[in-house]
Amino acid sequence: MNRTKGDEEEYWNSSKFKAFTFDDEDDELSQLKESKRAVNSLRDFVDDDDDDDDLERVSWSGEPVGSKTRPGSFQSLSDALSDTSAKSYAPELGRPKGEYRDYSNDWSPSDTVRRLRKGKVLIFLKRTLSKEILFRELEVRQVALRHLIHFLKEIGDQKLLLDLFRFLDRTEELALTHYREHLNIQDPEKRKEFLKTCIGLPFSAEDSAHIQDHYTLLERQIIIEANDRHLESAGQTEIFRKHPRKASILNMPLVTTLFYSCFYHYTEAEGTFSSPVNLKKTFKIPEKQYVLTALAARAKLRAWHDVDALFTTKNWLGYTKKRAPIGFHRVVEILHKNSAPVQILQEYVNLVEDVDTKLNLATKFKCHDVVIDTCRDLKDRQQLLVYRSKVDKGSAEEEKIDTILNSSQIRWKN
C-alpha cells in the first residue's frame, strides 16, 4: 500500500509516536526527556486488556529489565502477529543527535531545516536519501529507527521494510515480515504456496513449527472444503441436509477446524484428513482441548450417545467408568447450554465429586433427584425441608421427600 505525500504528512501529524527531530539541544535534560518519551510511547501499543503484571518493566535506556528476550527481538510468532510493536524494544544509542550536523550542508537549504524542526524528518529523509545512507544513519539512532519501522508498517511499505531488516541483519523480523504477506493473499491455493516458501526461513524453533502447522492446516482445509462442498451440493449426505454449512472452513483457526470436523466428520476413520482423531494427532491437540471441542460439537447435535462414549473409559479387566479431563461440572454446564434432557443432566451432575458444587448445579438445573438423594446421604434434614418448599405440590418429588423425612432408618444430623 503506497501513500501520497499528503498521506505521509497526515500520518506523522496523527501518529501515536512523537516526531523524532535532530535539534541541536544536546544537553542531558533534553536527552533524558526524549528517552522517557520513547519508552512511555511503547505503552500505547500494549492492548488495554493486558494485565499490568504482564507488562515488562522498562529502563530509561529502552531495554527490558530482567527480560530473557534480547532487545529488539520479536515475541513468539503468534503474539507478534497480533501486536508487532508491543514489548519489542531496541536499546537507545549514546551518540548525540547533533552529529547529524555533519550532513546539514548536503540536506539543507533553509527549507530543509524548517522541515526538520517541524518533526517531519523521517518522511523527508525517506524521500531524499538513498536507502544505504538512510539505513546506515538510522542504524546508530535507535529511537528514529523504531519510528521508521513503525511508520513503514503503518503505510504497508513491505519492500522498504524488508530491505531495512535485511540491512540490519535482523533475520527473525525479516522472516516475520515476509510471513505476514500471506494476509494479503486471498486465493487459498496461492496462499498455501506462499506459506510453503516461508518454511525454512530463520524463525525460532517454536515459530518454525507454527509455520509448518499453518501450511499443513491450510492444505487440509482446502481438501476438506472441496470434498464437503461436493457432498453438500449432491444432497445425499444426511448431516449436510439437516445442517447446511454456514461458512467455508478455509483459513479458519485450528480449534474451529476441529469443531467443524467433530460436527460433520465425527465417525470417520483416523486415516482420513477430516477425521477429528487425525487432526488431534497431527497437530498435537491437548486432550482437554479435544474433549471440550468434541463435547460442544456433539452436544449441539444432541448426539447424547456420542457424549456418553466420550467420557466412558474401560480398564484392562473390562470394567467401565466415566472420566472427564475437563471436570464434570463443565460437562454439565455445556450439556445444559445445549438443552440436554434432565435425565442426562442428572447422570453427569451425580458425577461431580465436590458435594457443594454438585448441590449448586443440581439446584440450578432442577435435577430434583440429585438434590434429594444428596441431602439424604448428608443426613441434612433442614436442607431437605427447605428444598421441599421449592418443588411442586403433590409432585413425585414432594412424595419422595416426605417418604425420606418419615423414615426411621435415617439418623439426621439436624
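Predicted model: local features only at pLDDT ≥ 70, side-chain atom pairs only at ≥ 80, totals over all residues.
**α11 and α12**

I started with how helix α11 (residues 188-198) sits on α12: the axes are 9 Å apart and the packing angle is about 155°. That angle is over 145°, so I put α11 down as roughly antiparallel to α12. The crossing of this pair is left-handed.

Next I listed who makes the contact. From α11 I have Pro188, Glu189, Arg191, Lys192, Leu195, Lys196 and Cys198. From α12 I have Ile211, His214, Tyr215, Leu218, Glu219 and Ile222. Sorted by class, the contact comes to seven nonpolar, one polar and five charged residues.

**α14**

Which residues of α14 are buried? I get Thr257, Leu258, Tyr260, Ser261, Cys262, Phe263 and Tyr264.

**Asn338**

Then I went to a loop residue, Asn338, which lies between α18 (328-337) and α19 (342-349). Is Asn338 buried or exposed? Its relative accessible area is 18%, and the cut-off for buried is under 20%, so I count Asn338 as buried. Leaving out residues up to four places away in sequence, I find Asn338 touching Ala299, Lys300, Arg302 and Trp304.

**α20 and α21**

Back to helix pairs. I checked helix α20 (residues 355-364) against helix α21 (residues 368-378): their axes come within 9 Å and cross at roughly 150°. α20 passes α21 in a left-handed crossing.

On the α20 side, the contact uses Val355, Lys358, Leu359, Ala362 and Thr363. On the α21 side, I noted Val370, Val371, Thr374, Cys375 and Leu378. By class, that contact has seven nonpolar, two polar and one charged residues. A reminder for reading such lists: an α-helix has 3.6 residues a turn, so residues three or four places apart point the same way.

**Val391**

Last stop was Val391, in the loop between α22 (381-388) and α23 (396-405). I have Val391 as buried because its relative accessibility is 7%, against a limit of under 20%. What does Val391 touch, not counting residues up to four places away in sequence? I found His368, Glu397, Glu398 and Ile401.

I also looked up the spacing to one of those partners, Ile401. Val391 and Ile401 are ten residues apart along the chain, and their C-alpha atoms are separated by 9.8 Å.

Note on methods
Residues numbered from 1 in each chain as written. Heavy atoms only, no water. Buried < 20%, exposed > 50% of the residue type's maximum accessible area, 1.4 Å probe, protein only. Helix = DSSP H or I, 4+ residues; strand = E, 2+ residues; numbered from the N terminus. Contact = heavy atoms within 4.5 Å. Axes fitted to C-alpha atoms, helices over the stretch in contact; angles between N-to-C directions. Left-handed = near helix turned anticlockwise from the far one by under 90°. Nonpolar A, V, L, I, M, F, W, Y, C, P; charged D, E, K, R; others polar. Parallel < 35°, antiparallel > 145°, perpendicular 65-115°, else oblique.
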